[in-house]
Protein chains: 2
Amino acid sequence: MKPLIAIDWGTSSLRAARLAADGSVIEERTSDRGILTVPPGGFPAVLAQIAGDWLAAPEALCLVSGMAGSRQGWQEAPYAPCPAGFDEIARALTWVDPGRVALVPGLSCEHDGVPDVMRGEEVQVFGALALQGASEGLFVLPGTHSKWVRVQGGRVTTFATCMSGEFYALLRTHSILSRTLPADDGALDADAFLRGVRHARTAGSLLASAFSVRTLALFDAVPAAAQPSYLSGLVIGEELRVHAHAGLPVTLVGSAALTERYALALADCGIATRCFGAEATWRGLWALARSLQPP
Amino acid sequence: MKPLIAIDWGTSSLRAARLAADGSVIEERTSDRGILTVPPGGFPAVLAQIAGDWLAAPEALCLVSGMAGSRQGWQEAPYAPCPAGFDEIARALTWVDPGRVALVPGLSCEHDGVPDVMRGEEVQVFGALALQGASEGLFVLPGTHSKWVRVQGGRVTTFATCMSGEFYALLRTHSILSRTLPADDGALDADAFLRGVRHARTAGSLLASAFSVRTLALFDAVPAAAQPSYLSGLVIGEELRVHAHAGLPVTLVGSAALTERYALALADCGIATRCFGAEATWRGLWALARSLQPP
């Protein structure tokens, strides 16, 4: 199999890795040239700046996942509809340099006639799946827009987006709750965090539970320093209320700071977790490349 | 019974009315002197500016509801705990000018050990109750922080706050959704609004359903001009998902612009509604005054 140049090209940053034929990472690079910084038509030049030396190898194959394949990116790689596995994604690759550089499509699904989409997370899911030698599971990719992804028989059957990171930031920065919150989030207060998780799981809606940040402050029942942790627990607990199921273990993929919070909240619900970081992206792109080139 | 001077003194504005002994409104006034504009100790002077001529009457009685009774207001009138009716509220009045001017306390209740509060809405609920000659019902007071209030046997037994107006404003103004929303909300698009209501009622959480504003825009499935109505439907539909119950009619109290939206959403769930406006505040304060002065 050809060595792979793997690129995760997001909105505000870019990560690149050169992988050996066995999938091990030879070298990694990061850059702040997210798609928002790239002018129309400028994508080949930015890729050359970042990985031109790697691409000079005669048999280089480069797979690019993330927002580079969106309408605002290099070129639109239309969403592959769920259920989708490696085969469906491989067939839907958009080759911007035929045989050498391809954009990986995102996935779409529908709930009651309303579409949902992801772009980049599908590669992380397939990578985490490969790293576990599994073909099914429930995956959570926490972030600004968290994804809860169900995999069955090696294919993503359905998923749901929660605007959790964004709601946290909105409430923390722009809402009435910000008046009693300290300027810095500070270290996680696990007790306050789990109090928030538990309240959200019984409260029925974040519309209602969020107000408890204010009333608990009013009655001096949560100190100001603990309020960011409590609010974070409310938001993550709201996700768990809807998506977590007793007895169904969860694979978390993301930064340690976020996956640790989710693991803590899920453990409090009696749900086992396993966590992966950037390695899931590289393994996902490598597994995709391998599916293109039977050994 | 003495003629009543009724004051609804909120955060950003003040409304005043002089009522006849039979509860009819003789004269109304409004002012922008909400409590945020009043310096510490300045409340008697502002009240005199607005209603000094009315207060000059020898037997004047003045009841003030709303945020004037909060810690940031004239003086704190501590919350009366639920269940609470006229008797409990009358006992908890805070007289700032004994026998002449009193602050009406707000109400508090608890859900799973977490407090909830309201201040001013309790008077509107009792007014709407009196206007219907009823002693029980489910009341909704839409707004920045909507209140869903349950009355049984003439007393508020429990209530819940939803930060609906605030969530709408946060999502509309500061979130990623604002990128595809038009500058003005425009007139209500009833079809888009009800589509939002219905999606929210099945989606499980606004954290998830809010993302549909973006995906429907991405797939050109809701025109930009209809997106504010759709988002409004999502937020109100989220309230209904948690709090509305088939067969339990709802009394709405608030501005016509808001109560009409809730009536439309509730009708779509097969729930009958009745709407009241400012008259509920005046009738509530009048009924409270009457309970202080048996005829």
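How many residues does the contact take from chain A and from chain B? The contact takes 34 residues from each of them, chain A and chain B, where two residues are in contact if their C-beta atoms, placed from the backbone, lie within 7 Å. This is a predicted model, in which local features need pLDDT of at least 70 and side-chain atom pairs count only at pLDDT 80 or more, while totals for chains, interfaces and linings use all residues. Residues are numbered from 1 along each chain as its sequence is written, and chains are lettered from A and ligands numbered from 1 in the order in which they are written.

- The residues on the side of chain A that touches chain B comprise 18 nonpolar, 11 polar and five charged (Ala, Val, Leu, Ile, Met, Phe, Trp, Tyr, Cys and Pro count as nonpolar, Asp, Glu, Lys and Arg as charged, and the others, Gly among them, as polar).

**How the copies are related**

- Chain A is superposed on chain B by a rotation of 180° with 0.0 Å of shift along its axis, at an RMSD of 0.0 Å (by least squares on the C-alpha atoms of residues with pLDDT of at least 70 in both).
- The two copies are thus related as by a two-fold rotation axis.
- The same surface serves both copies, since 100% of the contact residues of chain A recur in chain B.

**Helix 3 of chain B**

- Helix 3 of chain B covers residues 121-132 (helices are DSSP runs of H or I with at least four residues, numbered from the N terminus).
- Of its 12 residues, 10 are buried, so helix 3 of chain B is largely enclosed by the rest of the structure (buried means that 20 or more other C-beta atoms, placed from the backbone, lie within 10 Å of a residue's own).
- Among these buried residues are B:Val123, B:Phe126 and B:Leu129.
- Helix 3 of chain B is followed by B:Gly133, whose phi is positive, near 60°.

Notes. Helices (H or I, at least four residues) and strands (E, at least two) are DSSP runs, numbered from the N terminus. The expected span of a helix is 1.5 Å times one less than its number of residues.
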